[in-house]
Amino acid sequence: MNRNIVRLLSCIAALGTGLAHAEALGPLVTPAGLDAVLGGDNAPVVLDIRAEGYDAGHIAGAVSAPYGLFRGPAGNPGAVPPVETLETTYEGLGLDPARPVVVVSQGDTDTDFGASARVYWTLKSSGFSDLSILNGGAMAWVNAGLPLSDSAVIPEATELSIIWDNRWTATTDEVARIVGGEEKAVLIDARPQAFFDGKRSHGAARRPGTLPGAENLPYTTFFRPGATAIDTSGDIAALKQALGVDADEGVVSFCNTGHWAATDWFALSEVAGIENVRLYPGSMVEYSQTDGEMANVPGLFGNLLHQLKGGN
């Protein structure tokens, strides 16, 4: 394992939870912290992004906003929907950039956190600034003994004019320039080791493998074993040093479809506060559909075998 990654793991092991509460929710909020502000002045919109389970019980006042609304088509699930589509979606959900938003996923696995992180990233890039994720999701809320409601919420539509902010987005062309040495950035592969090594691939990817020069920083790095709530904050300087990030470089997080990579992006950008961290939304599915150079690509037989397996 690369020495920089070993140092990063050591840094993360020493990190505390650093979760925000009541008055200033921050990027992560606990169930108790969210409960304390519901029903108050400027109470947040709670977005329940679960595909299933809303009708059976949800946080009172939460709006159903399934994760699929924020994702691309089957052939490129990580693609960002057109801004016009996002704008219509936000209006139908009753969203307003002037009002806080808390994103809630199921919280049954560490993988699930990526859904909240991806929605958070999409909203931030759309001009929303007062954003939080309920750490541990709906399961954390239930485990805290807090009540659920089965009354569906029909939001009052809003009128918006959304402009996409590219500061947190890496495009395929930009990634290709980084791979080619024309631009500088640290490439972080958020996938489990088997994907990084080219032993597994997403079903929509044309080739297994990773980006040349990438470091493997699996999204699971930011979770304690068996936990579904992210557990990281800490020394920004130590994280930058561990990643090898200098003043002139940024970080680009990628995976298969921009799901696991959203967790790395969130942990590094929003929790650790490292500047110039970008997410490559299309990630390896999109990149593998180009003629771009790749690393850890197996032979033809291995490629066909790995296409039978999948991941995020």
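**Salt bridges and a parallel sheet**

Asp-48 is buried, at a relative accessible area of 3% (buried means under 20%, exposed over 50%, partly exposed in between; 1.4 Å probe, protein chains only). The model is predicted: local features need pLDDT of at least 70, side-chain atom pairs count only at pLDDT 80 or more, and totals for chains, interfaces and linings use all residues. Residues are numbered from 1 along each chain as its sequence is written, and side-chain values use heavy atoms, without hydrogens or water.

Asp-48 forms a salt bridge with Arg-50, at 2.8 Å from N to O (a side-chain nitrogen of Lys or Arg within 4 Å of a carboxyl oxygen of Asp or Glu). Arg-50 is also buried, at 9%. Six salt bridges are counted by this rule. Another joins Glu-183 to Arg-177, with the closest N and O atoms 2.6 Å apart. Here Glu-183 is partly exposed at 28%, and Arg-177 is partly exposed at 30%.

Strands β7-β6-β8-β9 form, in that order, an open sheet with parallel pairing (pairing requires at least two DSSP bridges between two strands; strands are DSSP runs of E, at least two residues, and helices runs of H or I, at least four, numbered from the N terminus). The edge strands are β7 (215-216) and β9 (277-279). Helix α6 (residues 172-179) packs on the sheet and touches β6 (185-189), β8 and β9 (contact: heavy atoms within 4.5 Å).

Three bridges join β8 (residues 250-254) to β9. Val-252 has Arg-278 in β9 as its bridge partner. Arg-278 is buried at 13%. Arg-278 also forms a salt bridge with Glu-174, the closest N and O atoms being 3.4 Å apart. Arg-278 lies in β9 and Glu-174 in α6, so this pair ties together parts 104 residues apart in sequence.

How values were computed: Axes are lines fitted to C-alpha atoms, for helices over the stretch in contact, and angles run from 0 to 180 degrees between N-to-C directions.
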